[in-house]
Amino acid sequence: MLNTLLSGDRPRSLVLTALLLGVLISLAFAPFLFPGVRSLETAATICIFILLVASYDLLLGYTGIVSFAHTMFFGLGAYGVALASTHVGRGWGALALGTLAGALAAAVLALVIGLFSLRVRAIFFAMITLAVASAVAVLVSQLYQLTGGEDGLTYRIPRELTPAFRLGEVFGVRITGKILNYYLIFFCCLALFLLLLRVVNSPFGRVLQAVRENDFRAEAIGYRVVYYRITATCLSAAVAALAGSLYAIWLRYVGPDTTLSFEIMLDILLMVVIGGMGTMYGAVLGAVIFVLAQNYLQNLMGVAADAATGLPLLPELLDPNRWLLWLGVLFILSVYYFPAGIVGRLRAGR
Amino acid sequence: MSEPILQLTGVETDIAQYHILQGVDLAVPAGQVTMLLGRNGVGKTTTLKTIMGHWRARAGAIRFAGEDITALPTPARARAGIGFVPEDMGIFTDLTVEENMILAAASGPLEPARLEAVFAAFPPLRTFWKSEAGNLSGGQKQMLSIARVMAEERRLYLIDEPTKGLAPAIVSTMARALRELKAAGASILLVEQNFAVARALGDSAAVMDDGRIVWTGAMAELAADAALQERLMGLSMETAR
């Protein structure tokens with residue numbers, strides 16, 4: 001049963017299994033284990049980024065395609081929900097319509113970009129995605145009547161998903177629409193992650209890996225490399241858009257900074273590299289570590305800086321405002337010590 | 001003489017600014033082993049890659065089983081029945097031996113009888129069936145490389161230096177496997193620097209020099225004539241053995 005659920009792709013390391021179980025249990029019971037708005041916010045962000053990073057891993061880790069437009073696809077999904085909720089009105093229908101439209105738009109745009117660039121060399125795809133992503137970000141900012149420009153859009157979602165909706169108490173925790181919203185995100189992300197795991201462990205996924213390793217050889221066996229690359233790109237874009245839609249449902253706000261910025265693209269890249277490319281489980285660890293660091297490193301450094309008061313230089317270095325510097329150091333160290341990512345290292349058993 | 005399964009006529013191929021193939025005329029008869037011989041750098045590998053479509057012919061025509069395949073993309077040539085074992089083996093190191101074999105049977109599931117024949121020819125592949133191909137030794141990787149091309153029925157095998165850099169025991173295994181392939185009636189175009197293997201396997205031979213075929217004839221004729229070998233390839237098979 002579990003083997004089927006994981007598509008036969010077991011963690012293949014005791015430590016990794018323990019870590020993944022820890023993450024799964026923590027996220028599954030987050031509202032009860034870590035009550036509070038901020039922790040729930042962090043847990044939802046982790047769920048969404050696990051899915052987003054896993055969809056990017058399908059592209060980078062399994063197919064060997066570098067894309068800089070993953071946040072654009074993420075943004076398309078988010079803006080799909082925002083625009084549908086704004087123009088169609090509050091309701092489940094608007095969420096479904098926006099989600100479907102966003103995923104479809106992302107897949108179609110990925111298909112067009114892929115047809116133009118992947119026929120030649122995968123590196124052109126990286127360059128074109130960078131250009132298209134920048135153009136879309138500018139366009140979203142300029143079309144302020146439609147997209148709200150830099151201010152973004154705030155909209156209403158079904159009441160059952162908002163804090164105003166109350167169901168009672170379970171284990172001393174008040175069950176509100178926000179918690180229902182969290183579980184909608186958790187289960188959708190879990191289902192889509194398992195779907196991605198199924199894809200990469202299917203015959204289609206094996207061909208993708210073959211294409212990544214040696215595209216000439218894959219062609220010589222008889223596989224149309226372009227077809228496989230484009231299909232992977234469309235699938236990855238559609239899943240990224242679904243992650244964006246979930247993010248929009250959670251935040252009830254979309255703006256260029258939260259869904260389209262190049263900073264998010266860099267974050268995704270870092271999460272894939274830290275977790276381990278071409279492993280899927282790497283997306284889980286990469287997203288958990290990175291989102292936790294983003295949310296709690298500043299607090300941790302504040303405590304450390306207070307503890308180091310009186311010592312020379314250290315309080316300055318540990319100033320919470322320097323959290324990005326330490327995140328950078330952590331990244332360099334992780335790349336140095338875990339070149340195959342955390343999952344790669346754990347699987348190698350060293 | 002049987003009807004050629006592959007016919008190259010005036011094939012010219014450029015790689016960047018270099019004019020590598022300068023009008024190759026070659027016929028590969030069906031059901032025979034044709035040796036493609038010549039010094040290093042004369043265009044043997046480029047000829048195989050041009051047949052496979054990795055390099056596009058700038059001029060000339062390639063006909064396979066009566067069809068003009070000059071403009072066909074590589075996957076279409078593979079699906080038409082041409083199997084290619086490249087010099088660098090080209091195995092997928094991150095995948096298991098099993099996954100490599102399953103991928104190689106691109107047109108359908110791997111047939112059990114065919115798999116048994118592969119295991120009989122290359123026993124280590126059964127032992128390391130579930131292992132990552134990247135962990136195999138050089139000889140085992142070459143076995144896998146040839147086994148992959150045997151994963152399904154091919155009408156023509158293009159094999160580029162299958163014994164290069166291998167230990168003598170592995171060379172014998174390779175030669176035996178190729179002999180069995182030949183005995184099964186396969187059409188093979190084989191680039192081979194090991195003259196003992198070439199002589200044992202080849203029915204006919206084509207010698208290349210400077211991007212052209214400069215001699216064609218029976219392998220036995222070439223093997224018996226040391227002076228001809230010296231003139232065409234700069235060394236004789238007897239001294240190279």
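A residue is partly exposed when the count of other C-beta atoms within 10 Å of its own falls between the buried mark, 20 or more, and the exposed mark, 12 or fewer. Ala65(B) has 17 C-beta neighbours inside 10 Å, so Ala65(B) counts as partly exposed. The model discussed here is predicted.

Where is Ala65(B)? Ala65(B) lies in the loop between strand 4 (59-64) and strand 5 (67-68) of chain B. Its phi is positive, near 50°, and Ala65(B) is not a glycine. Most residues other than glycine have a negative phi.

Glu161(B) is another non-glycine residue with a positive phi, about 45°. Glu161(B) sits in the loop between strand 7 (156-160) and helix 7 (168-183) of chain B. Is Glu161(B) buried or exposed? Glu161(B) counts as buried, because 20 C-beta neighbours lie inside 10 Å.

## Chain A as a whole

Chain A holds 18 helices and four strands. The radius of gyration of chain A is 21 Å, close to the 20 Å that the globule rule gives for 350 residues, so chain A is as compact as a globular protein of that length. Along its principal axes, the C-alpha trace of chain A spans about 65 × 55 × 45 Å.

Of the 350 residues in chain A, 45% are buried. Now take the contacts in chain A with a separation of 6 or more. Residues 24 or more positions apart account for 71% of these.

## Helix 6 against helix 12

Two helices of chain A meet here. The axes of helix 6 (residues 92-117) of chain A and helix 12 (residues 225-251) of chain A come within 8 Å and cross at roughly 150°. The angle is over 145 degrees, so helix 6 of chain A is roughly antiparallel to helix 12 of chain A. The crossing is right-handed.

Which residues make the contact? Helix 6 of chain A contributes residues including Leu95(A), Gly98(A), Gly102(A), Ala106(A) and Leu115(A). From helix 12 of chain A come, among them, Arg229(A), Ile230(A), Ala237(A), Gly244(A) and Ile249(A). The residues of this contact divide into 16 nonpolar, seven polar and one charged.

## Where chain A touches chain B

How many residues does each chain give to the contact? Chain A gives 14 residues and chain B gives 17 residues. On the side of chain A, helix 10 (203-213) and helix 11 (215-221) are the elements that give two or more residues. The residues on that side of chain A divide into six nonpolar, three polar and five charged.

Notes:
Residues are numbered from 1 along each chain as its sequence is written. Chains are lettered from A and ligands numbered from 1 in the order in which they are written. This is a predicted model: local features need pLDDT of at least 70, side-chain atom pairs count only at pLDDT 80 or more; totals for chains, interfaces and linings use all residues. Two residues are in contact if their C-beta atoms, placed from the backbone, lie within 7 Å. Ala, Val, Leu, Ile, Met, Phe, Trp, Tyr, Cys and Pro count as nonpolar, Asp, Glu, Lys and Arg as charged, and the others, Gly among them, as polar. The radius of gyration is taken over C-alpha atoms; the globule rule is 2.2 Å times the number of residues to the power 0.38. Axes are lines fitted to C-alpha atoms, for helices over the stretch in contact, and angles run from 0 to 180 degrees between N-to-C directions. Angles under 35 degrees count as roughly parallel, over 145 as roughly antiparallel, 65 to 115 as roughly perpendicular and the rest as oblique. A crossing is left-handed if the near helix is turned anticlockwise from the far one by less than a right angle, and right-handed if clockwise.
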